[in-house]
Amino acid sequence: MKRFLPAILLLAAACSPKREYNADLLVKNAVVYTTDSSFTIANALVVKGGRIQAVGDLYSLDKKYYAREVIDAQGKAVYPGFIDAHAHFMEYGLGLQNANLAGLKSWQAVLDTVKNYAAHKTDGWIVGAGWDQNIWTNKAFPDKAKLDSLFPVRPVILHRVDGHAAIANQAALNIAGVKPGQKIIGGSIETVNGKLTGILVDNAVGIVTRKIPTPTEQMIQAALLDAQKNCFAVGLTTVDDCGVPYQLINVIAQLQHKGDLKMRLYLMLSDQPENYDYLFKRGAYKTPGLNVRAFKVYADGALGSRGACLLKPYTDQPKWNGFLLSPKAHFEEVAKKIAEHGFQMATHAIGDSANRVILKIYAENLKGKNDKRWRIEHAQIISPEDVKLFGDNSIIPSVQPTHATSDMAWAIKRLGADRLKTAYAYKNLLKQNGWIPLGTDFPVENINPMYTFYAAVERKDLKGQPAGGFQMDNALSRQEALRGMTIWAAKANFEEKEKGSIEPGKFADFVILDQDIMKAKGSELPKVKVLKTFVNGVKVYEKK
């Protein structure tokens with residue numbers, strides 16, 4: 001009888017029904033942080049048709065689903081794809097082709113870097129970005145004299161790290177027709193002893209940059225794909241690109257239709273008449289990969305370049321309060337028409353005066369609690385009596401935690417100790433509506449969302465300073481920070497029903513990290529790496 005047993009088993013196997021695939025992907029043996037309303041943690045997830053099919057216990061899911069592909073996470077943590085609620089995606093991509101001046105410790109180091117860059121890029125404008133006089137020994141703005149001697153004919157413009165100031169050489173100033181003593185609303189052209197220093201602040205920068213040849217569509221496409229590659233490597237699956245021209249919509253749509261651009265983008269069109277005309281006539285633009293329903297407005301400049309508009313003078317420049325970039329009437333006008341057409345308004349406001357102006361204009365249009373989700377981008381310095389305007393009118397404070405840790409060493413010089421106490425107050429702002437979206441403002445800051453998480457919860461720079469953290473009463477909990485980079489960022493974009501958490505029916509956008517950021521030591525957080533990034537359940541990045 002024994003000799004017939006193998007044959008019987010083979011016959012039984014042949015007669016058993018063939019199991020058919022009913023899922024595309026099963027991720028098992030994971031620690032899945034869903035960021036759902038209960039902050040559920042599971043150990044497996046199933047993907048079908050680009051969306052999350054199921055999340056839960058591996059034993060149950062493995063019995064119910066037969067997936068074409070199985071990934072054993074080997075105990076690693078899985079999170080929803082990270083969302084950067086405030087960045088400059090296209091600008092970042094274009095900037096990858098320019099001179100990188102970030103982190104350089106002196107004006108001479110900037111000049112040396114630009115000289116080396118120019119030796120490789122031998123024609124056309126020289127454009128660079130990232131210099132920051134606040135980290136130099138001499139913290140004054142530089143003068144263009146040495147730039148002129150190096151480049152007497154070739155035009156050069158070098159943007160400060162915050163994008164709100166620049167230095168241009170005389171060749172560039174000549175092309176733009178800039179004259180000593182020239183005035184401009186919402187900006188300044190620095191003149192000393194009747195001579196231009198080359199320093200341009202806020203609206204003055206545009207006088208020169210408008211003379212730079214417009215990038216071709218091919219250059220823009222390459223920039224978008226370069227930016228995508230770097231973003232996927234740090235776990236970003238959606239980016240809010242703040243302040244772009246309407247022409248970018250078609251470029252992105254074409255790249256996404258071809259399948260080349262897989263990054264999901266939330267575009268805010270810049271405050272320009274042609275952008276309002278375009279979107280008001282056509283209505284909001286929405287596809288799975290592209291969402292256009294917002295306008296980005298600039299109220300003031302940046303604190304580092306003293307363009308932020310303050311209620312009281314700068315501590316280190318007693319007769320200077322900064323300025324609004326446009327008359328108050330302009331903000332009133334655009335807020336009214338954006339409200340009338342049902343779009344989202346997102347306004348850059350750094351200083352306490354700029355925030356007060358915009359908060360009150362918002363309040364006049366929103367008239368109390370609502371679901372229009374108008375945003376204040378940065379919300380860095382808020383007068384204590386104005387904080388309640390966020391909650392009273394359901395205004396979203398969209399903040400970037402790395403700004404606090406980048407600015408903390410010198411912000412006290414600009415603001416003084418008392419005013420600094422109510423700046424970068426993310427916990428206080430969170431309390432207003434019970435949620436807060438987080439971003440980076442890249443390329444002003446590093447694109448890595450792990451730096452965002454670290455700055456939000458530890459309130460330290462990458463050197464681990466200050467030892468006790470910066471104004472820790474406004475640190476976020478790890479759960480709050482993770483929500484701010486996922487579901488709350490999605491909510492700021494009206495997208496919380498399709499992304500931002502790992503729940504059935506939502507896009508299968510998720511990341512696998514080499515460490516669990518909910519449990520890792522604080523000092524380890526900036527070192528955490530992305531192992532894999534998925535969009536629509538398809539792997540778009542894997543660590544080599």
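Visitor: Where does Thr197 sit?
Guide: Thr197 belongs to strand E14, residues 195-202. Strands (E, at least two residues) and helices (H or I, at least four) are DSSP runs, numbered from the N terminus. This is a predicted model, where local features need pLDDT of at least 70, side-chain atom pairs count only at pLDDT 80 or more, and totals for chains, interfaces and linings use all residues. Residues are numbered from 1 along each chain as its sequence is written, and side-chain values use heavy atoms, leaving out hydrogens and water.

Visitor: What makes Thr197 buried?
Guide: Its relative accessible area is 5%. Buried means under 20%, exposed over 50%, and partly exposed in between (1.4 Å probe, protein chains only), so Thr197 counts as buried.

Visitor: Which backbone atom does the side chain of Thr197 reach?
Guide: The backbone nitrogen of Ile199, at 3.2 Å.

Visitor: And which residues is Thr197 in contact with, leaving aside neighbours within four places in sequence?
Guide: Contact means heavy atoms within 4.5 Å. Pro142, Asp143, Lys144, Ile167, Glu190 and Val192 are in contact with Thr197.

Visitor: Which residues of H8 are buried?
Guide: Ile220, Gln221, Ala223, Leu224, Ala227, Gln228, Cys231 and Phe232. Down the axis of H8 they fall within an arc of 160°, taken from the directions from the helix axis to the C-beta atoms, so these buried residues line one face of the helix. Gln218 and Lys229, on the other side of H8, are exposed.

Visitor: What do the buried residues of H8 pack against?
Guide: Helices H3 (89-95) and H9 (247-258), plus strands E15 (236-244), E23 (530-535) and E24 (538-542). After H8 comes Gly235, with a positive phi near 90°.

Visitor: Which open sheet does E24 belong to?
Guide: A mixed one of 6 strands, in the order E3-E2-E7-E22-E23-E24. E3 (41-42) and E24 are at the edges with a single partner strand each, so one side of each has no neighbour in the sheet.

Visitor: How do you know that E2 and E3 pair?
Guide: Pairing takes at least two DSSP bridges between two strands. E2 (residues 31-33) and E3 are joined by 2 bridges and run antiparallel. There, Val32 stands opposite Ala42 in E3.

Visitor: Why is the meeting of Glu377 and Arg375 called a salt bridge?
Guide: A salt bridge puts a side-chain nitrogen of Lys or Arg within 4 Å of a carboxyl oxygen of Asp or Glu. For Glu377 and Arg375 the N to O distance is 2.7 Å, so the pair qualifies. Glu377 is buried at 0% relative accessibility, and Arg375 is buried at 0% as well.

Visitor: What about Asp392 and Lys388?
Guide: They meet in a salt bridge at 3.9 Å, N to O. They are 4 residues apart in helix H13 (residues 388-392), so about one helical turn separates them. Asp392, at 38%, is partly exposed, and so is Lys388, at 47%.

Visitor: How many salt bridges does a search of the whole structure find?
Guide: It finds 23. Asp132, Arg160 and Asp162 are linked in a network of them.

Definitions and conventions:
A polar contact is a pair of N or O atoms within 3.5 Å; within protein, one must be able to donate a hydrogen and the other to accept it, and residues adjacent in sequence count only if both atoms are side-chain atoms.
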